Amino acid sequence: MNGVTRALAAGAFLILASACGTGQQTQPPAQTTPPSQTTPPASSTTYDAAAAENVFKSTCAGCHGQNLEGMVGPNLTHVGSKYSKDQIREILEKGKGSMPAGLVKGADADNIAAWLADKK
């Protein structure tokens, strides 16, 4: 081998040796992602939206509108921004203003309250 070829071979060897390491592999530091402050929390209450809509349309829509837009009763499109699920459940149970108490009861009331609480 001539001098240039030897120099190129030695350089290639050094590059490969440094790329392969010495047998000691280092792990990159573990990355932890803090919880986002801007992401809204997922709903902690599950509900059956289809069932809630069906009961709402058959029981509540006469006053609150088919699309929650309000008619005789108030607009509910963003009711979850004003009331929690428990507060909505209490309104369903006890009534409020001209809304009579107990139009929706039991599991249906719980389901509709959770569904409406997500309307923000």
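Modeller: Helices here are DSSP runs of at least four residues, numbered from the N terminus. The model is predicted, and its chain holds five helices and zero strands. Of the 120 residues, 23% count as buried.

Side chains of opposite charge can pair when their charged atoms come close. The count of salt bridges comes to three, and Arg89, Glu93 and Asp110 are linked in a network of them.

Glu93 and Arg89 are four residues apart, about one turn of the helix. Arg89 also forms a salt bridge with Asp110, at 2.6 Å, N to O. That pair links distant parts of the chain, with Arg89 in helix H4 and Asp110 in helix H5 (residues 106–117), 21 residues apart.

Buried means under 20% relative accessible area. Arg89 counts as buried because its relative accessibility is 19%. Its two partners are partly exposed, Glu93 at 45% and Asp110 at 35%. Leaving aside residues up to four places away in sequence, Arg89 touches Gly106, Ala109, Asp110 and Ala113.

Helix H4 also holds the pair Glu90 and Lys94, again four residues apart. Their closest N and O atoms are 3.6 Å apart. Glu90 is partly exposed at 43%, whereas Lys94 is exposed at 54%.

Conventions:
Residues numbered from 1 in each chain as written. Predicted model: local features only at pLDDT ≥ 70, side-chain atom pairs only at ≥ 80, totals over all residues. Heavy atoms only, no water. Helix = DSSP H or I, 4+ residues; strand = E, 2+ residues; numbered from the N terminus. Buried < 20%, exposed > 50% of the residue type's maximum accessible area, 1.4 Å probe, protein only. Contact = heavy atoms within 4.5 Å. Salt bridge = Lys/Arg side-chain N within 4 Å of Asp/Glu carboxyl O.
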